[in-house]
Amino acid sequence: QILKEDILTQRIPLGEKLTLKMLKERFEVSSTPIRDALTRLTEEGLVRYYSNIGVNVISPGRTDLQELYQFMGDLDALAILYSSRSKDLSEILKELEENIGLTRVILEKEKLTQEETSLWISHSDRFHLIFYDYCHNTRLAVAAGRLRSQLTIFSNAYETGSLPQTTIFRAHEEIFSLYKERHFQEAADRMRLHLEESLQFALEALDSMAE
């Protein structure tokens, strides 16, 4: 979890090499838990093992990001459509409305603290996950979960800005409104557009990381 958080917040930057020796010294543990941790990070798509080289934090390019955000848009859209068939529709709407309310309260503040920004990002991520909680399709949820960590690296970078925050919040409001009115396909289409908008922020973040 510590390594994962360091990668997601870029305290360990993209492309960084992770060695057993370095990690054993840092955590003062044997090789076994380190290997287990690296295996889990590999499964989440945050690190990659290269034969004869070792383990490196992922280093996606622009094409990788475009594919990632397009695919996540499709998965999130499917989660919306699948969740719309749930018997718990009133509960979904309740959770979505509460989520919108929490993010609105934070954004109404003139200037956010680091803690408030982190909380806002958490609520923003949660908006997407609500649909997966009620999609009743474990394969869809697992597939999205394995990719969402990669996306989080970049959302953590750009969601600290007021323009991305406003753009994201507006999209969430529109998706919620369409979903509430039972316009599920339109809500799914708006989710895809939302990820396309976020892609532009992610590409800018990628350029900044490369500087």
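The largest nonpolar core of this predicted model comprises 62 residues, a nonpolar core being a set of buried Ala, Val, Leu, Ile, Met, Phe, Trp, Tyr and Cys residues joined through side-chain atoms within 4.5 Å. Buried denotes under 20% relative accessible area, exposed over 50%, and partly exposed the range in between (1.4 Å probe, protein chains only). The residues with the most contacts inside this core are Leu-65, Tyr-69, Met-72, Phe-131, Phe-154 and Tyr-179. Helix H9 (residues 184-210) gives the most to the core, with eleven residues; helices (H or I, at least four residues) are DSSP runs numbered from the N terminus. In soluble globular proteins, nonpolar side chains tend to be buried together.

Met-72 is in contact (heavy atoms within 4.5 Å) with Tyr-132, Ala-144, Leu-147, Arg-148, Leu-151 and Leu-195, residues up to four places away in sequence not being counted. Arg-148 lies in helix H7 (residues 138-158) and counts as buried because its relative accessibility is 11%. With the exclusion of residues up to four places away in sequence, Arg-148 touches Met-72, Asp-76, His-128, Leu-129 and Tyr-132.

Helix H5 (residues 89-107) and helix H8 (residues 162-180) have axes that come within 11 Å and cross at roughly 155 degrees. Axes are lines fitted to C-alpha atoms, for helices over the stretch in contact, and angles run from 0 to 180 degrees between N-to-C directions. H5 and H8 are therefore roughly antiparallel, the term for angles over 145 degrees. Their crossing is left-handed, meaning that the near helix is turned anticlockwise from the far one by less than a right angle; clockwise gives a right-handed crossing. The residues of H5 that meet H8 include Leu-89, Ile-92, Leu-93 and Leu-96, and those of H8 include Phe-169, His-172, Phe-176 and Tyr-179. By class, this contact has nine nonpolar, three polar and four charged residues. Here Ala, Val, Leu, Ile, Met, Phe, Trp, Tyr, Cys and Pro count as nonpolar, Asp, Glu, Lys and Arg as charged, and the others, Gly among them, as polar.

Helix H2 (residues 20-27) packs against helix H3 (residues 31-43) at an angle of about 115 degrees, with the axes 10 Å apart. H2 is thus roughly perpendicular to H3 (65 to 115 degrees). The crossing is right-handed, and Leu-20, Leu-23, Lys-24 and Phe-27 of H2 contact Ser-31, Ile-34, Arg-35 and Leu-38 of H3.

Residues are numbered from 1 along each chain as its sequence is written, and side-chain values use heavy atoms, with hydrogens and water left out. Local features need pLDDT of at least 70 and side-chain atom pairs count only at pLDDT 80 or more, whereas totals for chains, interfaces and linings use all residues.

Notes: Helices (H or I, at least four residues) and strands (E, at least two) are DSSP runs, numbered from the N terminus. Angles under 35 degrees count as roughly parallel, over 145 as roughly antiparallel, 65 to 115 as roughly perpendicular and the rest as oblique.
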